[in-house]
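Q: Please take a close look at one strand in this model. Where does it sit, what does it pair with, and how does it fit into the whole chain?

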Amino acid sequence: MDLGIKGRKAIVCASSRGLGRGCAEALAEAGCELVINGRDGTALSETGRAIRERYGVRVTEILADVSTPEGQAALIEACPDPDILVNNNGGPKFRDFRELDRAAILDGVTQNMVTPIELIQAVVDGMAERGFGRIVNITSLSVLQPIPGLDLSSGARAGLTAFLAGVARTLAHRNVTINNILPGKFDTDRIRSSFRFGAEKAGISVEEQAARQTAEIPARRLGTPEEFGQACAFLASAHGGYITAQNLVLDGGFFSRAF
Ligand SMILES: NC(=O)c1ccc[n+]([C@@H]2O[C@H](COP(=O)([O-])OP(=O)(O)OC[C@H]3O[C@@H](n4cnc5c(N)ncnc54)[C@H](OP(=O)(O)O)[C@@H]3O)[C@@H](O)[C@H]2O)c1
């Protein structure tokens with residue numbers, strides 16, 4: 001399927017590994033120019049090289065913490081007029097909520113709520129003026145269903161979702177959309193740290209915890225960053241103009257509900 005975004009410019013935050021990289025690859029496959037980002041220079045340049053070689057698109061690497069004003073400024077400087085913004089960040093560490101002091105709570109809110117809002121503020125008026133914009137936020141299934149140890153992540157991302165629900169509706173008439181993708185369990189470094197946290201709590205091996213968690217998913221497997229990326233690319237595509245303010249759950253059927 002031609003996604004109709006060949007030559008479009010995309011900023012994909014936190015994209016040297018995992019779900020962000022999946023999104024970057026799918027957008028590159030659709031012919032987008034990319035700005036990719038991460039804090040580890042080796043992983044970032046390896047990803048940049050791999051994407052350039054495989055898809056032949058222009059890729060600019062921004063080595064920065066996306067949660068900092070400097071990191072955000074560097075991303076916007078590298079691409080002042082993006083057509084597509086994928087907001088992503090590392091999630092907070094798995095912790096019992098009692099272990100969170102004020103600084104940790106504010107840090108989590110900064111990462112998963114304030115940062116995407118600031119980046120949207122930086123790009124959205126230009127998108128509206130140009131008559132095309134696609135913003136996709138990687139949030140989490142934990143917005144809908146609590147996950148032990150991730151209360152801060154759930155709260156910050158639910159805040160982001162509510163914040164943007166109104167904002168998205170002010171932009172739809174300019175062909176600017178804002179949607180969230182809610183991953184369930186995807187095969188990335190992050191999910192492996194969740195298996196370690198769960199295994200420790202349950203007093204079982206990490207392998208046993210991974211097997212138990214996977215068995216609970218109707219699809220009986222973890223999702224892949226590639227399939228996550230393809231869903232993101234569709235929301236970012238020319239065909240996605242009538243999809244806005246939605247929360248797309250990608251979880252292999254894990255979150256059980258009729259509607
Ligand atoms: N995997 C899942 O099943 C799942 C489920 C629900 C929600 N999520 C959420 O989805 C997001 C992505 O998860 P993932 O599984 O892809 O994680 P991951 O495999 O750990 O990858 C995270 C990526 O983000 C980059 N990153 C992290 N913090 C950053 C920062 N402050 N500034 C710039 N780049 C940063 C990492 O590179 P550096 O470390 O080099 O910076 C890496 O490229 C997270 O917020 C996670 O909580 C994931």
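A: Asn87 stands opposite Asn137 in β5. This is a predicted model. The two strands involved are β4, residues 84–87, and β5, and they pair in the parallel sense. Four bridges join them.

Now take β5 itself, residues 133–138. Six of its six residues are buried, so the strand is largely enclosed by the rest of the structure. The cut-off behind that reading is under 20% relative accessible area. Both faces of β5 are covered. One side carries Gly133, Ile135 and Asn137, all buried.

Step back to the chain. It has eight helices and seven strands. Of its 259 residues, 51% count as buried. The radius of gyration is 18 Å, which agrees with the value near 18 Å for a compact globule of 259 residues. Along the principal axes, the C-alpha trace spans about 55 × 40 × 40 Å.

The surface comes last. The accessible area of the chain is about 12,300 Å², and carbon and sulfur atoms hold 53% of that. The chain has 28 positive and 30 negative charges. Their mean positions are 3 Å apart.

How values were computed:
Residues numbered from 1 in each chain as written. Predicted model: local features only at pLDDT ≥ 70, side-chain atom pairs only at ≥ 80, totals over all residues. Heavy atoms only, no water. Rg over C-alpha atoms; globule rule 2.2 N^0.38 Å. Buried < 20%, exposed > 50% of the residue type's maximum accessible area, 1.4 Å probe, protein only. Areas by Shrake-Rupley, 256 points an atom, 1.4 Å probe, with all protein chains shown as cover. Lys, Arg positive; Asp, Glu negative; His and termini not counted. Charge placed at Lys NZ, Arg CZ, Asp CG, Glu CD. Pairing = 2+ DSSP bridges.
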